[in-house]
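Welcome, and please open your viewer.

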Amino acid sequence: MSAVKTLNEFIIERQHDFPYATGELSAILRDIGLAAKVINREVNKAGLTNVLGAAGSDNVQGEQQQKLDVYANHQFIEALRYGHEICAVASEENEEIIIFDNENSKKGKYIIAFDPLDGSSNIDVNVSIGTIFSIYRRENIQEQVSEKDFYQKGKNQVAAGYVIYGSSTMLVYTTGKGVNGFTLDPSIGEFCLSHPDIKIPANGKTFSINEGNYKLYPKGVQEYINYCKEEDSSTNRPYSARYIGSMVADLHRNLIKGGIFIYPATTKSPNGKLRLLYECNPMAFIVEQAGGKASTGEINIMDVELTELHQRCPIFIGSAEMVEKACELFKSSILQL
Ligand code: AHM
Ligand code: MG
């Protein structure tokens, strides 16, 4: 059997990518790995332990929280609270940021935004769900941390990643030097390097969009969906439609095999559904680091100004050539208006 490299070994090895690294980012990534294992344990036996179903509360988006959303949120926050590195977190499940005011964390250089359990509607039906995270350095560590510290563009991210709780559990992350994937080996309880230096194919055969909303989409998006369904052997069309309803799972598949994922604006939600800070930006960072693209349809996701913590943003993300084509149709339909 060839030697395995665990997540922690890999993190320590890669610390040298950053000449002035103090090990703080590495410590955060290790804490996230631990939180992921704890969440995984509950997700895995969810049907047996009375953690399925609604928690009886709503989150900031007015969406019903599931018991596992609440559990994952708590685990993630607690895993980070007593390190020295993070001084505040923003979560999809909390309206306001949570400031860690213990002596250790107060001086932390980093802040983290996350969606503890993405794809909530799939929890009860044993379909893949995920955790997404995005780490920023604070711009001014002399001042008391506030929500404003999170109002940074995605291009300022220092690290981002996701955990997918699927047929196996994987953690995929980037620190801006490529993308690496680790599979949890349940027999030893460790994430082990299984997908080094992931590259997304420039083209794919899969498009992922909630086609039920077709009539609510902008004309350019409708045109792109029609394009995906046309027959053309030179571009491998028609493409296959694959839509799980868990962004992490849909994007993970497209990252490995090639494809495009779109959550556009709709007539009901003019900014789409997904949140810029802890869904679109981290995924954009990962996909760009793997050689793909992420756009609002008009500009790069990671160039969008963030002015509200839970701001939504339309997204076209995945294989570079597919995203370019979709954005080209989208932009030309706007010009025709
Ligand atoms: P959530 O954070 O409440 O789980 O919502 C995000 C999820 C994404 O994972 C997924 O891509 C999208 O919502 C699906 O939405 P829809 O059912 O509108 O297609
Ligand atoms: Mg989500």
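The tour below goes from a ligand to a metal ion, then to a helix and a loop.

Before you click: this is a predicted model, in which local features need pLDDT of at least 70 and side-chain atom pairs count only at pLDDT 80 or more, while totals for chains, interfaces and linings use all residues. Residues are numbered from 1 along each chain as its sequence is written, chains are lettered from A and ligands numbered from 1 in the order in which they are written, and side-chain values use heavy atoms, with hydrogens and water left out.

**Stop 1: ligand 1**

Select ligand 1 and show what surrounds it: 17 residues, the closest being Asp118, Gly119, Tyr243, Met247 and Tyr263. A residue belongs to this shell if one of its heavy atoms lies within 4 Å of the ligand. By type, the shell has five nonpolar, five polar and seven charged residues; here Ala, Val, Leu, Ile, Met, Phe, Trp, Tyr, Cys and Pro count as nonpolar, Asp, Glu, Lys and Arg as charged, and the others, Gly among them, as polar.

Next, look for polar contacts, meaning pairs of N or O atoms within 3.5 Å. A polar side-chain atom of Tyr263 is 2.6 Å from an oxygen atom of ligand 1. For Ser120, it is a backbone N or O atom that sits 3.0 Å from a ligand oxygen. Glu92 brings a side-chain N or O atom to 3.1 Å from an oxygen of ligand 1.

**Stop 2: the magnesium ion**

Now select ligand 2, the magnesium ion. Which residues are its protein donors? They are Glu92 (OE), Asp115 (OD), Asp118 (OD) and Glu279 (OE), at 1.9 to 2.7 Å. Donors are N, O and S atoms within 2.8 Å of the metal (3.2 Å for Na, K and Ca); water is not among the atoms, so sites may look incomplete. Asp115 and Asp118 are both buried, that is, under 20% relative accessible area with a 1.4 Å probe and protein chains only.

**Stop 3: helix H6**

Nine of the 11 residues in H6 are buried, among them Met247, Asp250 and Arg253. Just after H6, find Gly258, which has a positive phi of about 95 degrees.

**Stop 4: Leu306**

Finally, pick Leu306, in the loop between strands E14 (293-295) and E15 (315-318); strands are DSSP runs of E, at least two residues. Leu306 is buried, at 3% relative accessible area. Show Leu276 as well: its C-alpha atom is 7.6 Å from that of Leu306, though the two are 30 residues apart along the chain.

Methods: A polar contact is a pair of N or O atoms within 3.5 Å; within protein, one must be able to donate a hydrogen and the other to accept it, and residues adjacent in sequence count only if both atoms are side-chain atoms. Buried means under 20% relative accessible area, exposed over 50%, partly exposed in between (1.4 Å probe, protein chains only). Helices (H or I, at least four residues) and strands (E, at least two) are DSSP runs, numbered from the N terminus.
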